[in-house]
Structure formats: structure tokens, C-alpha cells
Amino acid sequence: HDSREFAARALNSTMTLLYWKVGRRINEEVLKHRRAEYGKNVVLQLALELQGSYGDGFSEKNLRRMMQFADLFPDEDIVLSAIRQLSWTHFIALLPIRNPLEREFYTEICRIEGWNVKTLREKIGSMLFERTAISRKPEETIRADLKRLRDCNELNPELVFRDRYILEFLGLEDTYSEKDFESAILRHIEKFILEIGT
């Protein structure tokens, strides 16, 4: 069982790195960072050729994802570090995040916490980044905290602790009693503790 799991992780890492390299090569060598009408036709033609040789994993849509992956994660060392814990599907979930610091936050927390793709999507959907104290810090401080997390696996408490005033998850109306509040907290205590992380 362990050997099969190890082999699956190794295969996933290899494929994810391949996809990053394909995306980088298309961006740099084929398109030379041109995106207009020229790029559309070239990527479509390339997809048809690659699909003929290597299968559906190289469709035009996937090639565009690979190109976006290489654009949004330009540092090969960071990619090499992340692919040990994150799958290609994790990266696909991260691609729509426009803010680079937010994307890096989710990448690193997902890697450290060992989230599956479903959990990552839930955290992104629940705006976890915006609810943490770190999101209100200056960009330089956020970058330093994320670098420390990436390099040393050292969690700053503000990466984990949430804004204590956001309680929508309790589902309470505008007015509620203390007893209602207490009951709602007790109903959600397991989810609340799990959200803090391991």
C-alpha cells in the first residue's frame, strides 16, 4: 500500500512538473510571450499535434492551463517544493486566484496542512485569506511571513487565527439571544476547531 501511494505521488509530481515545463516552453519559446490572434492559432495547432501523440491530456484547454500555471508560478524552485505535496488538480484550483499573495497563501497553507482539493476549494470559497489577520498587513510583511512558511514550515499565528467578528457560519439572524449564540457555537464546534488547522 505504501509503495503504491509513493508511486502515485511520484507520478503526480512528475506530471505536474512536466505540465509546468510545457507551459513555460510554450510561453517562452513558441509564443515568445505574444498572446494575440497569433497565439490562439499556434496553441490550437500545437494541441492537435500533442493530442495525436500523447492523448487528451494535451487538449487546447489543458495547454492554456499549463501556460497559465507557468505564468503564475514562474519560480521553478517554488514549483519543485510545492509539487511534493500538491497535485495538478490543486494547482488548477489555485489558478483563478488573481492576487499573487493570496494564491501563495493558499498554496503554502494547503501544502503544510495537507488539504485535499475539496478542502482547498472550500477554503478559497469561504474567503479564508480575507478572514485571517495577515490579509490586513502590508504586502512586505505578508511576503516575509509566506517566505518563512515556505522555507522553514514556520507558521505565524496570524496565518491561522481568524477575525473573531465574522460569525456568518453560525447562520444566526440579525437579532439573537445569548442562548441561541451558545447553541450555534456548540453545533459548529467541530467545524470551528478543524478550521483552525492541525
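This is a working chat about a predicted model of a single structure.

Me: How much of the chain is buried?

Reply: Of the 198 residues in the chain, 35% are buried. The chain exposes about 12,700 Å², and carbon and sulfur atoms supply 54% of that area.

Me: And the contacts, what share joins residues at least 24 apart?

Reply: That share is 60%, counted among contacts between residues at least 6 apart in sequence.

Me: OK, the core. How many residues are in the largest nonpolar one?

Reply: The largest nonpolar core has 40 residues. Those with the most contacts inside it are L63, F69, F73, F91, F105 and Y106.

Me: Which elements give two or more residues to this core?

Reply: They are α1 (2-30), α2 (37-54), α3, α4 (76-82), α5 (88-94), α6 (100-113), α8 and α9.

Me: Take L63. What is it in contact with?

Reply: With neighbours within four places in sequence left aside, L63 is in contact with V22, I26, V43, L46, A47, L50 and F58.

Me: Switching to rings. How many aromatic pairs are there?

Reply: There are nine aromatic pairs in the structure. One of them joins F105 and Y106, with the ring centres 5.3 Å apart and 75 degrees between the planes, which makes the pair edge-to-face.

Me: Are F105 and Y106 buried or exposed?

Reply: F105 is buried, and Y106 is buried as well. Both are also on the list of residues with the most contacts inside the largest nonpolar core.

Me: Which residues do ring pairs link into a cluster?

Reply: The cluster is made of Y19, Y54, F58, F69, F73, W88 and F91. F58, as it happens, is among the contacts of L63.

Me: What lies over the face of F73?

Reply: R103 does, at 6.0 Å from the ring centre.

Me: Now charges. How many salt bridges are there?

Reply: The count comes to ten. In general, side chains of opposite charge can pair when their charged atoms come close.

Me: Give me one in helix α3. Which residue pairs with E60?

Reply: E60 forms a salt bridge with R64, and the closest N and O atoms are 3.2 Å apart. The two are four residues apart in helix α3 (residues 60-72), so about one helical turn separates them.

Me: How accessible is E60, and what about R64?

Reply: E60 has a relative accessible area of 28%, so E60 counts as partly exposed. R64 is partly exposed too, at 32%.

Me: Moving to helix α9. Which residue does R143 bridge to?

Reply: R143 pairs with E139, again with the closest N and O atoms 3.2 Å apart. Both sit in helix α9 (residues 139-152), four residues apart, so they are about one helical turn from each other. R143 is partly exposed at 45% relative accessibility, and E139 is partly exposed at 47%.

Me: What about R148, which residue does its side chain meet?

Reply: The side chain of R148 meets that of D145 in a salt bridge, 2.5 Å from N to O. R148 and D145 are three residues apart in helix α9, about one turn of the helix.

Me: Why does D145 count as buried?

Reply: D145 counts as buried because its relative accessibility is 5%, and the cut-off for buried is under 20%. R148 is partly exposed, at 29%.

Me: Backbone next. What is the phi of M127?

Reply: M127 has a positive phi of about 60 degrees, although M127 is not a glycine. Most residues other than glycine have a negative phi.

Me: Where is M127?

Reply: M127 is in the loop between α7 (117-125) and α8 (128-131). M127 is partly exposed, with a relative accessible area of 44%.

Me: Last one, S13. Which helix is it in, and what does S13 touch?

Reply: S13 lies in helix α1. Not counting residues up to four places away in sequence, S13 touches I83 and R84. S13 is buried, with a relative accessible area of 16%.

Conventions:
Residues are numbered from 1 along each chain as its sequence is written. This is a predicted model: local features need pLDDT of at least 70, side-chain atom pairs count only at pLDDT 80 or more; totals for chains, interfaces and linings use all residues. Side-chain values use heavy atoms; hydrogens and water are left out. Rings of Phe, Tyr and Trp (its six-membered ring) pair if their centres lie within 6.5 Å; planes under 30 degrees apart count as stacked, over 60 as edge-to-face and the rest as tilted. Buried means under 20% relative accessible area, exposed over 50%, partly exposed in between (1.4 Å probe, protein chains only). A charge sits over a ring if NZ of Lys or CZ of Arg is within 6 Å of the ring centre and within 35 degrees of the ring normal. A salt bridge is a side-chain nitrogen of Lys or Arg within 4 Å of a carboxyl oxygen of Asp or Glu. Contact means heavy atoms within 4.5 Å. Accessible areas come from the Shrake-Rupley method with a 1.4 Å probe; for residues, only the protein chains shown count as cover. A nonpolar core is a set of buried Ala, Val, Leu, Ile, Met, Phe, Trp, Tyr and Cys residues joined through side-chain atoms within 4.5 Å.
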